[in-house]
Amino acid sequence: MPSEADVLNVALGKIGASRVAAIDDGSINANFCATFYPPLRRSILRSHRWNFAEERAVLAQDAAVPLFEFAFSYPLPSDLLAIREFNGASPSSVGLTLTELQLLPFSGRYKIEGRKLLTNDGEVKIVYTKDVIDPNLWDTLFFQVVTAWLASDLASAIAKDSALSRA
């Protein structure tokens, strides 16, 4: 069963760098991993509809209502990275990220402001991509993508090798 340290060490091994005990062990390599790994994992999760990262939720209405335009406000799940379906409809075949949804509301049916979803719908059911931190829950292809991409980022930072970072 892979751990977070295993993910980091596979990436470090691909560039011939020293292993780490943990992402927070204080070593230079761990510090680089702490900088690159979390945002990279979230970006790759958002980039594709990974089955292992899909979650369904019925959102609870917030007591505070929006000042104008929409009738209801719903707090978003803390692990939400991208909304894939809203009340049974899909924003696109590719799926939009939270940032893209802030710029392009899904057919005007809702808008994301901060960590709230605003809508005129009295009930909200979503399918979303969640931030899956535990590597034991990942698809093997996702593991390979994360470690390869992380190795590329680390090659520039640790090994100072731009050719290796493109490999």
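**Basis of the entries.** I note that this is a predicted model, in which local features need pLDDT of at least 70 and side-chain atom pairs count only at pLDDT 80 or more, while totals for chains, interfaces and linings use all residues. Residues are numbered from 1 along each chain as its sequence is written, and side-chain values use heavy atoms, with hydrogens and water left out.

**Overall fold.** I counted five helices and six strands in the chain, taking helices (H or I, at least four residues) and strands (E, at least two) as DSSP runs numbered from the N terminus. Along the sequence they follow the pattern α-α-β-β-β-α-β-β-β-α-α. Of the 167 residues, 41% count as buried. I also looked up contacts (heavy atoms within 4.5 Å) and found that, of those with a separation of 6 or more, 67% are between residues 24 or more positions apart.

**Aromatic pairs.** I took rings of Phe, Tyr and Trp (its six-membered ring) as paired if their centres lie within 6.5 Å, with planes under 30 degrees apart counted as stacked, over 60 as edge-to-face and the rest as tilted. By this rule the count comes to eight aromatic pairs. Trp50 and Phe142 form an edge-to-face pair, at 5.0 Å centre to centre and 75° between the planes. Because Trp50 lies in the loop between helix 2 and strand 1 (54-59) and Phe142 lies in helix 4, this pair ties together parts that are 92 residues apart in sequence. Trp138 and Phe143 form a tilted pair, at 6.3 Å and 55°, and both of these residues are buried. Ring pairs link Trp50, Phe52, Trp138, Phe142 and Phe143 into a cluster.

**Helix 2 with helix 4.** I then followed helix 2 (residues 28-46) to helix 4 (residues 140-159) and found that their axes come within 9 Å and cross at roughly 140°. Axes here are lines fitted to C-alpha atoms, for helices over the stretch in contact, with angles running from 0 to 180 degrees between N-to-C directions. The two helices are therefore oblique to each other, given that angles under 35 degrees count as roughly parallel, over 145 as roughly antiparallel, 65 to 115 as roughly perpendicular and the rest as oblique. Residues making the contact include Phe32, Phe36 and Leu40 of helix 2 and Phe142, Trp149 and Leu150 of helix 4. The residues of this contact divide into 15 nonpolar, one polar and two charged, where Ala, Val, Leu, Ile, Met, Phe, Trp, Tyr, Cys and Pro count as nonpolar, Asp, Glu, Lys and Arg as charged, and the others, Gly among them, as polar.

**Helix 1.** In helix 1 (residues 4-14) I found Ala5, Val7, Leu8, Asn9, Ala11 and Leu12 buried, and the buried residues of this helix pack against helix 2 and helix 4. The axes of helix 1 and helix 2 come within 11 Å and cross at roughly 105°, which means that helix 1 is roughly perpendicular to helix 2.

**Arg42.** What does Arg42 touch, leaving aside residues up to four places away in sequence? Arg42, which lies in helix 2, touches Leu81 and Asp131, and at 29% relative accessibility Arg42 counts as partly exposed.

Notes
Buried < 20%, exposed > 50% of the residue type's maximum accessible area, 1.4 Å probe, protein only.
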